[in-house]
Amino acid sequence: MSTPGKRAKKGSGKHGKGKGKGKGVSSDKKQKSRSQRAGLQFPVGRIARYMRDGGYGRRIGGGAPIYLASVLEYLTAELLELAGNAAKDNKKQRIIPRHIMLAIKNDDELRLLLSEVTIVQAGVMPNVRPELMPKKKKKGDAATQLSSSQAY
């Protein structure tokens with residue numbers, strides 16, 4: 001069986017102590033991260049670690065960090081697209097905090113989601129009350145004023 005100085009080798013299952021390549025990954029096959037397998041840019045492994053260490057629950061399912069990473073990636077892509085459009089409207093190449101704030105405030109769903117968020121160095125939304133705007137003159141009034149001044 002086993003000699004007294006050596007331990008018996010345990011099975012190479014999921015909870016083994018070996019430093020193998022994991023489940024069924026052969027040496028010629030390249031390892032893929034969970035983000036690559038899910039087709040995401042956001043780090044699934046890091047989000048899983050934050051969920052475990054954050055104390056959000058005693059047990060975290062395998063699909064939970066993938067789902068959370070995909071939601072975060074979608075929200076980020078949506079916000080960056082709208083902020084890029086705001087930057088183009090202002091004839092700028094670079095997105096600044098003001099463009100992010102304009103993107104959030106002009107989108108109904110993002111405004112509701114981030115209603116309590118303050119963005120530093122973003123300023124305020126441009127808003128002039130209608131009663132403070134100069135009153136528009138009618139076309140007929142302007143013509144009569146010109147003719148009366150030319151009568152002299």
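**Ground rules**

I number residues from 1 along each chain as its sequence is written. Because the model is predicted, local features need pLDDT of at least 70, side-chain atom pairs count only at pLDDT 80 or more, and totals for chains, interfaces and linings use all residues, while side-chain values use heavy atoms, with hydrogens and water left out.

**Entry 1: the overall layout**

I started with the secondary structure and found 6 helices and 0 strands. Here helices (H or I, at least four residues) and strands (E, at least two) are DSSP runs, numbered from the N terminus. Read from that end, the order is α-α-α-α-α-α.

Next I looked up burial, where buried means under 20% relative accessible area, exposed over 50% and partly exposed in between (1.4 Å probe, protein chains only). Of the 152 residues in the protein, 13% are buried. I also checked contacts, meaning heavy atoms within 4.5 Å. Among contacts with a separation of 6 or more, 34% join residues 24 or more positions apart.

**Entry 2: the nonpolar core**

Which residues form the largest nonpolar core? I found 5 of them: Leu40, Val44, Ile47, Met51 and Ala69. Helix 2 (residues 44-53) gives the most to this core, with 3 residues. For the record, such a core is a set of buried Ala, Val, Leu, Ile, Met, Phe, Trp, Tyr and Cys residues joined through side-chain atoms within 4.5 Å.

I then followed Ala69, leaving aside residues up to four places away in sequence, and saw that Ala69 touches Leu40, Phe42, Val44 and Ile47.

**Entry 3: helix 2 against helix 3**

The axes of helix 2 and helix 3 come within 9 Å and cross at roughly 115°. Axes are lines fitted to C-alpha atoms, for helices over the stretch in contact, and angles run from 0 to 180 degrees between N-to-C directions. The two helices are therefore roughly perpendicular to each other. On this scale, angles under 35 degrees count as roughly parallel, over 145 as roughly antiparallel, 65 to 115 as roughly perpendicular and the rest as oblique.

Helix 2 passes helix 3 in a right-handed crossing. A crossing is right-handed if the near helix is turned clockwise from the far one by less than a right angle, and left-handed if anticlockwise. On the helix 2 side I listed Val44, Ile47, Ala48 and Met51, which meet Ala64, Pro65, Ile66, Leu68, Ala69 and Leu72 in helix 3.

Is Pro65 buried or exposed? At 1% relative accessibility, Pro65 counts as buried. Its C-alpha atom is separated by 5.8 Å from that of Val44, 21 residues apart along the chain. Not counting residues up to four places away in sequence, Pro65 touches Arg34, Val44, Ile47, Ala48, Met51 and Ile60.

**Entry 4: helix 4 and its neighbours**

In helix 4 (residues 97-106) I noted His99, Met101, Leu102, Ala103 and Ile104 as the buried residues. They pack against helix 3 (64-89) and helix 5 (108-113).

Helix 3 and helix 4 pack at an angle of about 110°, with their axes 8 Å apart. That makes helix 3 roughly perpendicular to helix 4. The contact is made by Leu79, Leu82, Ala83, Ala86 and Ala87 of helix 3 and His99, Ile100, Leu102, Ala103 and Ile104 of helix 4.

**Entry 5: salt bridges**

How many salt bridges does the structure hold? I found 2, taking a salt bridge as a side-chain nitrogen of Lys or Arg within 4 Å of a carboxyl oxygen of Asp or Glu.

Asp108 pairs with Arg111, the closest N and O atoms being 3.3 Å apart. Both lie in helix 5, 3 residues apart, about one turn of the helix. Asp108 counts as exposed at 55% relative accessibility, whereas Arg111 is partly exposed at 37%.

Arg129 forms a salt bridge with Glu131, and here the closest N and O atoms are 2.7 Å apart. Arg129 is exposed at 52%, and Glu131 is exposed at 54%.

**Entry 6: positive phi**

Most residues other than glycine have a negative phi. I noted Lys91, which is not a glycine, with a positive phi of about 60°. Lys91 is found in the loop between helix 3 and helix 4 and counts as exposed at 76% relative accessibility.

Gln121 has a positive phi too, near 60°. Gln121 sits in the loop between helix 5 and helix 6 (139-150), and is exposed with a relative accessible area of 69%.
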